[in-house]
Amino acid sequence: MFWRTLGRLILLPIAFLIAVSVTGFILVTLGLEHITHALHGQSDDGAEVATTIVELFWRGSLLMSGLSILPALGVIIVGEVARIRSWLYYMIGGGLALASVPLLSRLGQADAIAAVPAIVWQVFATAGFAGGLVYWLIAGRKA
């Protein structure tokens, strides 16, 4: 029993760091792809999307702070305590946790939800879905 608990205490942070790395990789690559499409006029929203995504990247200090980690940690803690082993829970939870980051980064501004284009929500949610699924593959299956 002791060894199993110790193993979980070692595995959980490692799984979280790997999931965060995958999420960051997908966020950057998918975000850069959408910025490139918007800058070359292949997007519906045009410069508005590029401006918003660039603004979110410039606010990297806020996005990389505890503000972006807290929702993901909340999903993991609830999943571990409740012993939820469903891949769907971790995938949707990761997507919702990361999709909340654009809203949290604009906290306190007027019309915070309306100011973020849908493509930004999609990029962040897609990266969160992938991160949640990776976490489930490594540690969530045996919660």
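The structure is a predicted model, in which local features need pLDDT of at least 70, side-chain atom pairs count only at pLDDT 80 or more, and totals for chains, interfaces and linings use all residues. Residues are numbered from 1 along each chain as its sequence is written, and side-chain values use heavy atoms, with hydrogens and water left out.

**Overall build**

The protein chain has six helices and zero strands. Read from the N terminus, its elements follow the order α-α-α-α-α-α. Helices (H or I, at least four residues) and strands (E, at least two) are DSSP runs, numbered from the N terminus.

The chain has 143 residues, and 36% of them count as buried. Buried means under 20% relative accessible area, exposed means over 50%, and partly exposed lies in between (1.4 Å probe, protein chains only). Among contacts with a separation of 6 or more, 76% involve residues 24 or more positions apart. A contact here means heavy atoms within 4.5 Å.

**Surface**

Accessible areas come from the Shrake-Rupley method with a 1.4 Å probe; for residues, only the protein chains shown count as cover.

Patches are made of residues with over 30% relative accessible area and no salt bridge, joining like charges within 9 Å and nonpolar side chains (Val, Leu, Ile, Met, Phe, Trp, Tyr) within 5 Å. A nonpolar patch consists of Phe2, Trp3, Leu6, Ile10, Ile14 and Ile18, which together have about 640 Å² of accessible area. One of its members, isoleucine 10, sits in helix H1 and is partly exposed at 47% relative accessibility.

Arginine 83 belongs to the loop between helix H4 (66-81) and helix H5 (87-105). Its phi is near 55°, a positive value in a residue other than glycine. Most residues other than glycine have a negative phi.

**Salt bridge**

A salt bridge is a side-chain nitrogen of Lys or Arg within 4 Å of a carboxyl oxygen of Asp or Glu. The count by this rule is one. It joins the side chains of arginine 8 and glutamate 80, at 2.7 Å from N to O. Arginine 8 lies in helix H1 (residues 2-39) and glutamate 80 in helix H4, so the pair ties together parts that are 72 residues apart in sequence. Both arginine 8 and glutamate 80 are buried.

**Pairs apart in sequence**

| Pair | Apart in sequence | C-alpha to C-alpha |
|---|---|---|
| Leucine 17 and tyrosine 135 | 118 residues | 9.0 Å |
| Threonine 126 and leucine 27 | 99 residues | 7.9 Å |
| Isoleucine 92 and threonine 126 | 34 residues | 9.8 Å |

Leucine 17 is part of helix H1 and is exposed, with a relative accessible area of 55%. Threonine 126 is in helix H6 (residues 118-138) and is partly exposed at 36% relative accessible area. Isoleucine 92, found in helix H5, is also partly exposed, at 38% relative accessibility.
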